Structures are given as C-alpha cells and as structure tokens.
Amino acid sequence: MTFIRQYLNAILRSRKLLVQTLLLCFALMIYTPFLMIALRSVGRGWFGRRWLPPELTLDWYRWAVEVTNIVEITKNTLLIAVLAVLISTAIAIPTGWALGRKNIPGKELLMSILLLPRMIPPIAFALGVAQIFYRTDLINTHIGVALAHVSVCAPYAILVLSATFEALDERVLEAAGVCGANPLRSFVHVVFPLILPGVLASMIFTFTTSYNEFTLTLMTYGKDTVTLPVRTYLAIGEGYWEVTSAMSILLVIPSIIVLFMIQRQVAPEKLVGGFKGV
Amino acid sequence: MSDDYMIELRNVTKRYGDLVANDNVTLQIRRGELMTLLGPSGCGKTTALRCITGHNIPDEGRVLIDNQDVTEVPSYKRQLGMVFQNFALFPHMTVFDNVGFPLMIRRMNKAERRERVMEALRLIRMEEYEKHYPRQISGGQQQRVGLARALVYRPKVLLLDEPLSNLDAKLREEMRFEIRELIDRLGITAVYVTHDQAEALALSDRVAVMNAGHIEQVGTPDEIYDFPRSRFVADFIGLSEFLAGTVSTISTEDATAVVTVKGLEIHVALTPEMTPGQNVLFFIRPNDVALLPASHKSGTNIFDAIVDKMTYLGDRSDYRIQLGESLGLRVQTDGKVRFDEGENVKVHLPIPHCRVIMDHA
C-alpha cells in the first residue's frame, strides 16, 4: 500500500509520470483483449481463474488451417477486398475530384448523404442489402459481397480522395501548363505523383475496411464466399474457443502488414504540398 | 506597324457573370520591354494577364503574341514563362527537376538539359541547392527557382504575377533589382503584374495603370508620375493633393494659365486642352510644395498660410496647412525645415509642379 501511495504522490508532483501512466492505461485498454486472444490461441488446458495457460501449444493453429479450409477462405477474403478496393476507387476518383475541385452547390449536404450508410445501424443496412441481393441473385457471389462492402468503403475513399484533390494547388497545375505540358503530360508528371499518396492511403483504408467487414458479409455470404471474419464468427458458434483465437490472430497478420505499408508508403510530408510562406 | 509589338490585347472584354473584369482593354507591349500592369486588387490586371497566358479566354477581342492570334490557343502551346505569386513549384520535384521541367517536356536530351539547368541555377546563384525540395528552401529561394524555371527554355515572353508579394520587405527590394537585371541581360519581353506602385516605378519600362476593368493610362514611370491623366492615376501613384477650380486666364506667351481655386489665383503650366471657364482639378504633390517663413517676399504662386498640424517623420515633416480662408493643403518638407503649429508661413507652389487634370467626373 505504501508503494501505491508513493506512486500517487509522485504522479501529483510530475506531469511526465502522469502522462506516462495515462498512456499505459490506454495501451492496456486496447491491447489486453488482444493479448488474451493471443494467449488463448497458444494455451492448452487453460480453464478457471488462472492468469496464464499451464501449457503452450501451436496445435490450434494447425486445426485452424486444416479444419476450416483457411486457404480457400483467405482467397475469398482477399479477392473480395481487392474487388471492393477497385470498385470503390473507380467510384471515388471522379466523385472526389468533383467534390474536391469543383464548386458544387450543397457540397456539405452531398458529403453527409455519402456518409449516411455509416449512420444507419449496420445490421439494418445489411438486411436491406441482403433483400436486394436475393432478388438479383448476388448472394453468394464474390462480386455481390464486394459490392456490399463498397457501400461502406466508397464513402471512406471519397472522403480521403476529395481531401487529396482539394489540396492540389491550382497554380501548380497552371504552372505545368505554362511550362508547356499538355493535359496528359501534366497528369503524368505533376497530378499523378501529387495525388498518389492520397490514392494509396484511400486504397489501403478501403482494403482494411473490406478485409475486416463482418455485418454486411454475414448477410450476403454463401458457402462459396465465406470470409475470414465470418469464419471466425462461425467457429465461435462451433464452440472451439482456442481455434477461434488462433484464427483471429491469423486474421490480424495482413492488417499489420497493411499498417506497415501505410507508414512506409504514405509518409505524412508527401501528403502535403510543402510550400513555405503561402 | 504591328511588327514592333510582342504582345497585343485588342479590345479584350472578359466577364465573370455580371462582373466585367476586363472592359474593352487594348494594350500593346513592345518587343524587349518590361510592361507593368499596375492597379488595386480587383482592377482586372490579373484577368488581363490570364488572357495572355491562356488561362482565360476573352469573351470579346483578340490576343496576339509575336503577331500570331493566340486567343484560343491553350497555354501549353504559347511558349511562355511564368512566375507565380505563391511560387507554384512542383512540391514533389527537386530544385533541379523543377527548373528542368520545361526542358523535359520539350524532350531535350539529358546531357543538354543538365547543362541548361545548371546554367540557369548559376544565374540565380542556387547551384548547390539542385537536390533540395521546394519545402527545404526559403521563400526568396523558391521564387528564384520559379524565375529560373520560367526562363530556362528561353521563352518569348516572361509573365510575372505579383512575384514578390509573398516575400518580406527587405527581400522584396533585393529581388526587384535581381529580376530587372535578369530581364535586361536576357533582353526578354516581360509583363509584370503588381499592386505596388514603388515596384512598378522602379522596374518598368512602361506602366499600364488599371482601374475597374479598364486601362487608365499607359506611359513610362516618369510620365505616369509627373503627368497623370486622371485623378485615379494621380491618387494611386504617390501622394497627391487635389483642389477643384476653374481656368480663368490663359497666357500663351509664357505658357502658363491661371486656375482660380476659391478666390486663390494659382499659376499652372499650360496644356493644349485648357480653355478659359473650364472646370478642372488642380493637383500638386505634397513634397513639391515649399514652405517659407512669413517674412519671405510675395510673388507668383506664393500665398499666406497658417500651419494647422505638424507631424515630424524623421527624414520628412508632414504639415497640414490652411491656405487663405478655407483651403486645406498637405505639405511634406525636408525634416530639417521646421515650423510650429499655428505659425504664419508663406507657401510656394512652383509652377512646373502645378498641374491640372481635365477629366474629372
């Protein structure tokens, strides 16, 4: 108890320690559940109120790969994610250009309409999507699930890209023109390199959104289009907690790779124009 | 004799909705001269410049560059160099690539391109910055790079759109000379847009003063300053004092006229347009007026006055004086000449500096 009292006194005296403590609490809040899953996925015979599993094993990972046909499911998930990224980006580039660079009356209203699908409870929205898909035979097709994902991915992409295009300095484009670059060469040498970080960021965001999407997939998948999040959910129902945990960990790996890519590729200084005195 | 002109605007009108940004603007810019478009913001100077660059297509009128009608020619085919107010460098390219961009677009081979870019960078004393990105160099350096990029492929015309207004005052004056020197050395035709009259007077071969979408006056800096043709020009360039009066007599022998301003008879230099009985605007620059002690002997254009207010400005003294019954006049003298408030003085309005503006509404 004296230790705790000393610690509290130290916090009161030092702002740095207070900040560190708060950060630690924050980290614990975010990572503890994840840590539990990670432990569960490698533990055997971990019941009751023990803090740590008594025995470590990688069996559950073997189970996860063998029993649940994880290769097929990963393929589904990636294929759907790639489709969702392509469709979202194809929609978002012209839309973002219009919203970011043209003077459109009621721009704010349009933006909020775009975000509306995110405001409706996902399950309700997914139910509506499923009803349409049953009628149009899109259930249990990769393109169908991808299209469902686009409804949440595209708004993100449009937001990111309209901000990217808005940041593009009109004068810089004019400068390219005066320097003798026709519209095509202006695009290749000036516009494209300047918007590339934004487009990549948008694609990465849409990819992770689709990759982790659960509710919409649950309402539109079929036996040929099971994705990783859905399979993980189904595994919970089957009662194999350890296998489910192993799958969750596997599910995280691509997300971490993508996060790494974001930090490498989308350096913040590349996103802004970097002009002084303007 | 249109051969003498590098750029011609012929009756150019440009509207933005109800706003007429350029109203029947006609302007001829000679080969090799530096023409400044000067005026307050919203006077249409940038609109006129954008008609030359091709970023605006005039609603009426024609634009000629090097005797070719380019009114509808897109800017990338006009062979221009342009310097922007916000520098407008390509943020993702190094200084070297920025300057080399116009050459790369023209598919010049690498070795020759390198030589030309380094030559341009030497000209602006930035050789050692070739690998820097625009964000890594100062505003003044960025603008020098902008200048090098505009000049590197030796365009027919150099356009400068308020190139110095984003720089601080000291740098602005340095860059002013640097730009003038570069333009002289290259002998290029240049159009310079600014709202800064000091910049315009210091840099230009000729100045076109613009107001509310039309050109008020075109002339050399001397002409614009000494013989403004409208109240707007006189007011916009330098300090001016105006007094409304009437031409009473004209004397052709000594080339003077007398303008009566509230009973005061002021002798002015005669101009051909003057006729007796005409209502005119008398004007004089405050620093052309001389203040003399009250004991000074009377004479032509020497009047009794009282000092209303005196402000000491170091190198100058700024006076508000009262002439005769009710005429207020601002006078600026050398800082060494000192009169106190309330003191009786004599005011001398030297005839060569006494001018008249005919057209005033």
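Visitor: How many helices and strands are there in chain B?
Guide: Chain B has 8 helices and 20 strands. Keep in mind that this is a predicted model.

Visitor: Okay, and what does the C-alpha trace of chain B span along its principal axes?
Guide: About 80 × 45 × 40 Å.

Visitor: What share of chain B is buried?
Guide: Of the 361 residues in chain B, 39% are buried. As for contacts in chain B with a separation of 6 or more, 65% of them come from residues 24 or more positions apart.

Visitor: Switching topic: how many residues of chain B are in contact with chain A?
Guide: 25 residues of chain B, and they are in contact with 21 residues of chain A.

Visitor: Which elements of chain B supply at least two residues each to that side?
Guide: Strand S6 (80-83), helix H2 (95-105) and helix H4 (139-151) of chain B each do that.

Visitor: And how does that side of chain B divide into nonpolar, polar and charged?
Guide: On the side of chain B that touches chain A, you get 13 nonpolar, 9 polar and 3 charged residues.

Visitor: What about the largest nonpolar core, which residues have the most contacts inside it?
Guide: That core has 144 residues, and those with the most contacts inside it include Val99(B), Ala148(B), Leu158(B) and Phe282(B). Helix H7 (residues 142-166) of chain A gives the most to this core, supplying 13 residues.

Visitor: Let's stay with Leu158(B). What is it in contact with, leaving aside neighbours within four places in sequence?
Guide: With that exclusion, Leu158(B) is in contact with Gly81(B), Ala150(B), Leu151(B), Ile183(B), Ile188(B) and Ala190(B).

Visitor: Back to H7(A): at what angle does it pack with H4(A)?
Guide: Helix H4 (residues 70-101) of chain A and H7(A) pack at about 35°, and their axes are 6 Å apart. The crossing of H4(A) and H7(A) is right-handed. Their contact has 22 nonpolar, 9 polar and 2 charged residues.

Visitor: And how do H8(A) and H9(A) cross?
Guide: Helix H8 (residues 170-178) and helix H9 (residues 183-212) of chain A have axes that come within 10 Å and cross at roughly 140°. H8(A) and H9(A) are therefore oblique to each other. H8(A) passes H9(A) in a right-handed crossing.

Visitor: Which residues in H8(A) and H9(A) meet there?
Guide: From H8(A), Val172(A), Leu173(A), Ala176(A) and Gly177(A) meet Ser186(A), Val190(A) and Val191(A) in H9(A). By class, that contact of H8(A) with H9(A) has 5 nonpolar, 2 polar and no charged residues.

Note on methods:
Residues numbered from 1 in each chain as written. Chains lettered and ligands numbered in written order. Predicted model: local features only at pLDDT ≥ 70, side-chain atom pairs only at ≥ 80, totals over all residues. Helix = DSSP H or I, 4+ residues; strand = E, 2+ residues; numbered from the N terminus. Buried ≥ 20, exposed ≤ 12 C-beta atoms within 10 Å, placed from the backbone. Contact = placed C-beta atoms within 7 Å. Nonpolar A, V, L, I, M, F, W, Y, C, P; charged D, E, K, R; others polar. Core = buried A, V, L, I, M, F, W, Y, C linked by C-beta atoms within 7 Å. Axes fitted to C-alpha atoms, helices over the stretch in contact; angles between N-to-C directions. Parallel < 35°, antiparallel > 145°, perpendicular 65-115°, else oblique. Left-handed = near helix turned anticlockwise from the far one by under 90°.
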